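Please look through the structure shown below and follow it step by step, from single pairs of side chains to the sheet, the helices and the pocket.

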Amino acid sequence: MTVRPIRLFGDPVLRTAADPVTVFDDDLRRLVADLEDTVREPGRAGVAAPQIGVSLRVFSYNVDGKVGHLVNPVLSGFEGTQDDEEACLSLPGMGFATPRAMTVTATGVDMYGEPLTIAGTGFLARALQHETDHLDGRLYIDTLTGDTRRQALRELRRSRPMPA
């Protein structure tokens with residue numbers, strides 16, 4: 001069991017689009033195992049590879065007691081809206097109401113390259129969107145607007161040095 005440390009805001013890997021996975025080998029299976037071990041820690045709903053310092057398009061999730069992963073995800077079927085509080089392991093201690101689709105479908109492959117589709121509603125849909133954003137070099141605070149965004153940026157400046 002390998003629980004990997006989480007990279008924090010300011011680390012360039014969090015702002016870089018991750019590379020597609022093209023090789024499905026033992027290294028990828030070890031990465032998936034590490035992601036799934038890391039997401040099993042209490043209070044965690046998802047961990048993307050960049051959050052553990054690996055710039056590949058793969059994430060794990062842990063929602064309602066179900067742990068899984070998705071490689072090279074593509075999101076579609078966005079329906080409805082939700083505006084619940086969202087947080088991020090890479091931005092500890094922060095949480096803001098974040099608009100997301102209520103329903104989304106994530107397609108990709110598993111660690112063996114076999115096709116995989118995950119239909120998510122509610123919290124699972126939020127997690128799928130959040131983790132896919134990480135793979136694109138986006139953080140949830142990037143989706144905030146207006147006063148909520150200003151508040152988030154003030155909190156970041158107060159608690160962390162801004163990256164150059």
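In this predicted model, the side chains of Arg7 and Asp11 meet in a salt bridge, with 2.9 Å from N to O. Side chains of opposite charge can pair when their charged atoms come close. The two partners fall into separate classes of accessibility: Arg7, at 32% relative accessibility, counts as partly exposed, whereas Asp11, at 19%, counts as buried, because the cut-off for buried is under 20%.

Another is formed by the side chains of Asp26 and Arg29, at 3.2 Å from N to O, and here both residues belong to helix H1, where they are three residues apart, or about one turn of the helix. Asp26 is partly exposed, with a relative accessible area of 48%, and Arg29, at 25% relative accessibility, is also counted as partly exposed.

What does a salt bridge tie together when its partners lie in separate elements? The side chains of Arg126 and Glu86 meet at 2.4 Å, N to O, and since Arg126 lies in helix H2 while Glu86 lies in strand S4 (residues 85-86), the pair ties together parts that are 40 residues apart in sequence. Arg126 and Glu86 are both buried. They also belong to a network of salt bridges, in which Glu86, Arg100, Arg126, Asp133 and Arg138 are linked.

We can now turn to the sheet. It is an open sheet of five strands in the order S1-S2-S3-S6-S7, and the pairing is antiparallel. Strand S1 (46-48) and strand S7 (115-121) stand at the edges, and each has a single partner strand, so one side of each is left without a neighbour in the sheet. From one strand to the next, the twist averages 40 degrees. Strands of a sheet pair through backbone hydrogen bonds, either parallel or antiparallel.

Helix H1 (residues 26-39) lies across S1, strand S2 (58-63) and strand S3 (66-79), and runs at about 30 degrees to S2. Helix H2 (residues 123-135) packs on the sheet as well, touching S1, S2, S3, S6 and S7, and its direction makes about 155 degrees with that of S2.

Helix H2 returns when we ask which element supplies the largest share of the lining of the largest pocket. That share, six residues, comes from H2, and S4 and H2 each supply at least two residues of the lining. In total the largest pocket is lined by 16 residues, of which Ala45, Ala87, Cys88, Phe123 and His130 lie nearest its centre, and about 270 Å³ of space lies within this pocket.

Finally, consider helix H3 (residues 146-159), where Arg149 is found. Arg149 is partly exposed, with a relative accessible area of 30%. Once its neighbours within four places in sequence are left aside, Arg149 is in contact with Ile141, Asp142 and Leu144. The C-alpha atoms of Arg149 and Leu28 are separated by 36 Å, and these two residues are 121 residues apart along the chain.

Methods:
Residues numbered from 1 in each chain as written. Predicted model: local features only at pLDDT ≥ 70, side-chain atom pairs only at ≥ 80, totals over all residues. Heavy atoms only, no water. Pairing = 2+ DSSP bridges. Helix = DSSP H or I, 4+ residues; strand = E, 2+ residues; numbered from the N terminus. Axes fitted to C-alpha atoms, helices over the stretch in contact; angles between N-to-C directions. Contact = heavy atoms within 4.5 Å. Salt bridge = Lys/Arg side-chain N within 4 Å of Asp/Glu carboxyl O. Buried < 20%, exposed > 50% of the residue type's maximum accessible area, 1.4 Å probe, protein only. 1 Å grid on protein atoms, 1.4 Å probe; cavity = no way out; pocket = protein on both sides within 12 Å on 5 of 7 lines; lining within 4 Å. Points joined across faces, edges and corners; volume = space filled by probe spheres on them.
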